[in-house]
Amino acid sequence: AVTIVTAVGFVQEYRSEKSLEALNKLVPHHCHLTRDGHLATVSATELVPGDLVRFGVGDRVPADIRLVTAVNLEIDESNLTGETKPRKKAIDVMTSENNCVESIQERKNIAFMGTLVRNGHGSGIVIGIGNNTEYGVVFSLVKEAETPKTPFQISMNDLGKKLSYLSGAIIAVIVTIGLIQGRQWLEMFTIGVSLAVAAIPEGLPIVVAVTLGLGVLRMAKKNAIIKKLPSVETLGSVNVICVDKTGTLTENVMTVTKIFTLDEETIFDLEHGLPSKTTVAMREVLKIGGVCNNAKIDDEGKKFGQATDGYDRVSEIPFNSEQKWMSVTCRRKNDNSSSEIVYFKGSIEVVLGKCSSYYVSETHKPPLDVPAKESVMRHVTAMSSLGLRVLAMASGSDHNKLTFVGCVAMYDPPRKGVEKAIKQLIGGGVKVVMITGDSGQTALSIARKLGIPVNPANHSNCLTGADIEAMSGEDLKSVIGSITVFARTAPKHKMAIIQAFQSNGSIVAMTGDG
């Protein structure tokens with residue numbers, strides 16, 4: 001019995017470990033290191049504090065690094081903070097007076113291990129490796145967390161206790177009757193021990209191990225790796241699923257969903273397909289969006305690279321977080337006699353400040369007066385309240401005397417199939433909880449689209465990371481049953497959320513890149 005149970009458990013868990021090792025090898029982690037005056041590409045595992053590391057667009061940061069140079073450096077920290085917008089980095093000294101010590105989001109002079117460089121390039125000194133990084137802190141939180149017993153282990157322990165009490169009582173009665181009948185103590189003791197051994201179901205562990213092993217094999221056929229045998233049964237007992245938003249519930253690809261033009265104050269809703277009718281102004285918005293852009297879509301639908309076909313770029317001023325705009329100066333392809341045109345996009349406040357007219361057609365450009373600007377801001381505020389990010393478009397011959405063309409509103413759309421999966425889970429009695437680093441407004445908007453229950457009146461179903469920190473463990477435990485959305489959270493908040501659910505007796509699963 002012991003041999004079979006041990007063998008089944010060992011073989012299955014060994015195979016799972018090998019599968020996980022194979023997955024890790026798919027993502028080799030290298031870095032550009034300057035040591036002793038020589039630049040080399042080495043494995044990130046060779047880094048030590050004090051090393052000088054360089055990185056550019058597309059590189060993953062190999063350790064926690066104090067920046068010494070940062071040229072238009074923007075880093076995607078979504079796997080630490082949950083925010084999709086890349087964060088602008090700087091080399092300025094930060095002090096505790098700026099409240100920057102605790103908040104990851106505000107440490108602008110640190111590049112964190114595992115984050116992705118989205119723009120620019122930089123270099124810095126390694127200040128933390130392994131467990132001494134922000135990722136290491138998250139790992140320590142998980143490692144230090146007490147692993148609760150699985151429902152299966154609890155029920156097996158309960159069965160063992162009941163069998164022990166019942167068999168003990170029966171044996172005591174039989175031994176007592178034997179002694180009353182005048183039998184010898186030794187004889188009755190031998191009978192009692194024999195009955196105790198017979199009462200233990202030695203075949204039960206074999207049946208349990210083989211059953212769980214078969215469950216693991218069935219899960220493997222569905223491309224799911226189960227590391228520990230009891231986890232198969234635990235997965236079936238889950239009644240709360242905590243899930244990251246960015247990249248798990250959503251695509252992590254900003255997608256245009258609305259287009260606004262001042263021409264008759266028209267809003268084109270693209271969420272449910274292309275509009276049947278378009279205007280000249282709408283087509284101009286789309287043209288600026290395509291020309292003033294450094295992205296393209298390949299044959300497989302992947303988005304990267306450049307996107308201008310009908311124009312030659314004369315110059316470009318790239319976007320950065322401080323100026324909050326981007327522009328390209330172009331002329332028609334193969335037409336050197338054509339005049340140069342500035343195509344401009346950026347935040348609504350910056351764009352409106354540089355515009356003196358608005359676009360209806362090439363021949364009709366009325367002045368952008370105060371009522372027109374108020375109309376634009378009214379529509380932008382309405383779109384922002386839906387959790388959308390708004391980008392304004394303009395064009396002209398002079399950066400400071402542009403023509404306002406329109407706005408696009410974007411959001412990170414839900415993944416295909418997620419809404420159906422959530423509906424099935426809720427129908428099966430499982431509570432789905434969204435956890436994100438994004439704002440509460442954005443999180444609630446996505447939650448409503450996915451069918452996660454939220455209270456539209458007072459948003460009482462939503463808590464922020466700041467709310468969690470202001471609560472005691474007991475306070476969080478008392479309110480967590482009614483919460484379905486957590487916004488502006490950090491990894492330490494996820495641990496508090498999970499532990500609060502567990503303390504209420506829930507079986508909790510956590511999924512996502514966080």
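Author: The place to begin is Asp36, which lies in the loop between strand E1 (30–35) and strand E2 (38–43). The model is a predicted one, and the values that follow are computed from it. Although Asp36 is not a glycine, its phi is positive, at about 55°. Most residues other than glycine have a negative phi. The relative accessible area of Asp36 is 72%, and therefore this residue counts as exposed, the cut-off being over 50%.

Because its relative accessible area is 39%, Arg488 is classed as partly exposed.

Thr329 presents another case, and its place is in strand E14 (residues 325–332). Thr329 counts as buried because its relative accessibility is 10%, the limit being under 20%. Thr329 and Val342 are 13 residues apart in sequence, yet their C-alpha atoms are 4.4 Å apart in space. Val342 is also one of the residues in contact with Thr329 when neighbours within four places in sequence are left aside. Glu340 and Ile341 belong to that list as well, as do Asp312, Arg313, Val314, Ser315 and His399.

Burial extends over the whole of strand E8 (residues 240–244), where five of five residues are buried. In a regular strand the side chains alternate between the two faces of the sheet. In E8, Val240, Cys242 and Asp244 are on one side, Ile241 and Val243 are on the other, and both faces are covered. E8 also has strand partners. Five bridges join E8 to strand E19 (residues 431–435), and the two run parallel. Within this pairing, Val243 stands opposite Met434. E8 is likewise joined to strand E22 (residues 508–511), in parallel, by four bridges. There Ile241 stands opposite Ala509.

One cavity of 30 Å³ or more is counted, and the largest cavity has a volume of about 100 Å³. It is lined by 12 residues, of which Met254, Gly387, Tyr411, Asp412 and Thr442 are the closest to its centre. Strand E18 (402–411) and helix H13 (440–450) are the elements that give two or more residues to this lining. H13 provides the largest share, three residues. By class, the lining of the largest cavity comprises four nonpolar, four polar and four charged residues.

The mean pLDDT of the protein chain is 83, and 89% of its residues reach 70 or more. Over residues 304–309, however, the pLDDT is below 50, although this stretch has 21 contacts in the model beyond near neighbours in sequence.

To return to the part with which the account began: Asp36 is an exposed residue in the loop between E1 and E2, with a positive phi of about 55°. Thr329, by contrast, is buried, and so are the five residues of E8.

Key. Residues numbered from 1 in each chain as written. Predicted model: local features only at pLDDT ≥ 70, side-chain atom pairs only at ≥ 80, totals over all residues. Heavy atoms only, no water. 1 Å grid on protein atoms, 1.4 Å probe; cavity = no way out; pocket = protein on both sides within 12 Å on 5 of 7 lines; lining within 4 Å. Points joined across faces, edges and corners; volume = space filled by probe spheres on them. Nonpolar A, V, L, I, M, F, W, Y, C, P; charged D, E, K, R; others polar. pLDDT = per-residue confidence, 0-100. Contact = heavy atoms within 4.5 Å. Buried < 20%, exposed > 50% of the residue type's maximum accessible area, 1.4 Å probe, protein only. Pairing = 2+ DSSP bridges.
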